[in-house]
Amino acid sequence: QVQLVESGGGLVQAGGSLTLSCAASGPIVNINALRWYRQAPQGQRELVATISSDGTTNYADSVKGRFTISRDDAKNTVYLQMNSLKSDDTAVYYCNFLANPSSYWGQGTQVTVSS
């Protein structure tokens, strides 16, 4: 069973940066997209960023221009570079490998932005 292991979360001051990583423990075939979601306290899970198999990226309006998603297929890893962080970015961040027919989720990593 392939697992996704996230790292890179933590506490940062507003205006700072963090880079999240999500590595698969083994190869995953037929990947359609790699995604990052987040869930704030007492909030719903929100799609933050997507990178498709052809490299196309999409972002939530709230993070456009500040966050960058990227992938390293050789390492089975997806990244989320987060700059100019705001207190509203505080959440648990989850990675998702959307494959056919399965979908894989990371365990979540906490990002806390202090104002």
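This is a predicted model: local features need pLDDT of at least 70, side-chain atom pairs count only at pLDDT 80 or more; totals for chains, interfaces and linings use all residues.
Let me begin with the charged side chains. The structure holds five salt bridges, and I would like to take you to D89, in the loop between β8, residues 77-82, and β9, residues 91-99. The side chain of D89 meets that of R38 in a salt bridge, with N and O 2.9 Å apart. R38 sits in strand β4, which covers residues 31-39, so that this pair, 51 residues apart, links distant parts of the chain.

D89 also forms a salt bridge with R66, and here the closest N and O atoms are 2.8 Å apart. This pair too links distant parts of the chain, since R66 lies in the loop between β6, residues 57-59, and β7, residues 67-72, and is 23 residues away from D89.

If we now bring these residues together, R38, R66 and D89 are linked with E46 in a network of salt bridges. Are the residues of these two pairs buried or exposed? R38 and D89 are both buried, and D89 has a relative accessible area of 2%. R66 counts as buried as well, because its relative accessible area is 10%, which is under the 20% limit for that word.

Another salt bridge is found between the side chains of R71 and D73, at 2.9 Å from N to O. R71 has a relative accessible area of 23% and is therefore described as partly exposed.

Let me turn to the cysteines. The structure holds one disulfide, and it joins C22 to C95 with a distance of 2.0 Å from S to S.

Which residues does Y104 contact, once its neighbours within four places in sequence are left aside? Y104 is in contact with V2, L4, I28, C95, N96, F97 and A99. Finally, the C-alpha atoms of Y104 and A24 are separated by 9.1 Å, although these residues are 80 residues apart along the chain.

Technical notes:
Residues are numbered from 1 along each chain as its sequence is written. Side-chain values use heavy atoms; hydrogens and water are left out. A salt bridge is a side-chain nitrogen of Lys or Arg within 4 Å of a carboxyl oxygen of Asp or Glu. Helices (H or I, at least four residues) and strands (E, at least two) are DSSP runs, numbered from the N terminus. Buried means under 20% relative accessible area, exposed over 50%, partly exposed in between (1.4 Å probe, protein chains only). Contact means heavy atoms within 4.5 Å. A disulfide is a pair of cysteine sulfur atoms within 2.5 Å.
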